[in-house]
Amino acid sequence: MGLTRPIADDLFTETPDGPRLIGSRCGDCCTVVFPKATGCARCGSDHLEDHQLAPRGTLFTFTTQGFLPKEPYTGPETEDDFTGYTLGYVELPGEVMVETRLTEPDPSRLMIGMEMELALVPFRTDPDGVEVTTYAFQPVTHGAGAEQS
């Protein structure tokens, strides 16, 4: 297996139970945010602690991205080889809504309210051969051979 690194420090972590996004929880009002923050947007407190977010939630809404993102996007695609993808908001119960790329590229296979789970996915390979990973959410499949309708 080759070397990998996350797209950004302190964005996610690997745990024995799988990957987790790293957010912040306010020690004063308990507000949870993602990504990590140094101050609470709700109450202004600077008493924030790292908080590993739940790995599962529900798809709140989604759309398609049919054009190459502008800078500072650093993906490997060019205008000539870009293919669209889906992105959306996943609601993590009792915590926060996460804006995210979705692993399912076909919007007809997605449904608002469906259960989603966090996954770490390849983003690009740097010139030094290190694979850069990022996070995305994927539909949860229940049991072998289960199909989403």
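**Strand E7 and its partners**

Guide: Strand E8 (residues 96-102) runs antiparallel to E7, and seven bridges join the two. This is a predicted model: local features need pLDDT of at least 70, side-chain atom pairs need 80 or more, and totals for chains, interfaces and linings use all residues. Residues are numbered from 1 along each chain as its sequence is written, and side-chain values use heavy atoms, without hydrogens or water.

Visitor: What makes E7 and E8 a pair?

Guide: Pairing takes at least two bridges found by DSSP. E7 and E8 have seven, so they pair. Leu 87 stands opposite Arg 101 in E8. Three residues separate the strands in a hairpin, and Gly 94 in the turn has a positive phi of about 75°.

Visitor: Which residues make up E7, and how many are buried?

Guide: E7 spans residues 85-92. A strand is a DSSP run (E) of at least two residues, numbered from the N terminus. Six of its eight residues are buried.

Visitor: Why is Gln 65 called buried?

Guide: Buried means under 20% relative accessible area; exposed is over 50%, partly exposed in between (1.4 Å probe, protein chains only). Gln 65 has 13%, so it is buried.

Visitor: Where does Gln 65 lie, and what is it in contact with?

Guide: Gln 65 lies in strand E6. E6 (residues 56-65) pairs with E7 in the antiparallel sense over seven bridges. Thr 58 has Glu 91 in E7 as its bridge partner. Contact means heavy atoms within 4.5 Å. Beyond its neighbours within four places in sequence, Gln 65 is in contact with Phe 82, Gly 84, Tyr 85 and Leu 87.

Definitions and conventions: Helix = DSSP H or I, 4+ residues; strand = E, 2+ residues; numbered from the N terminus.
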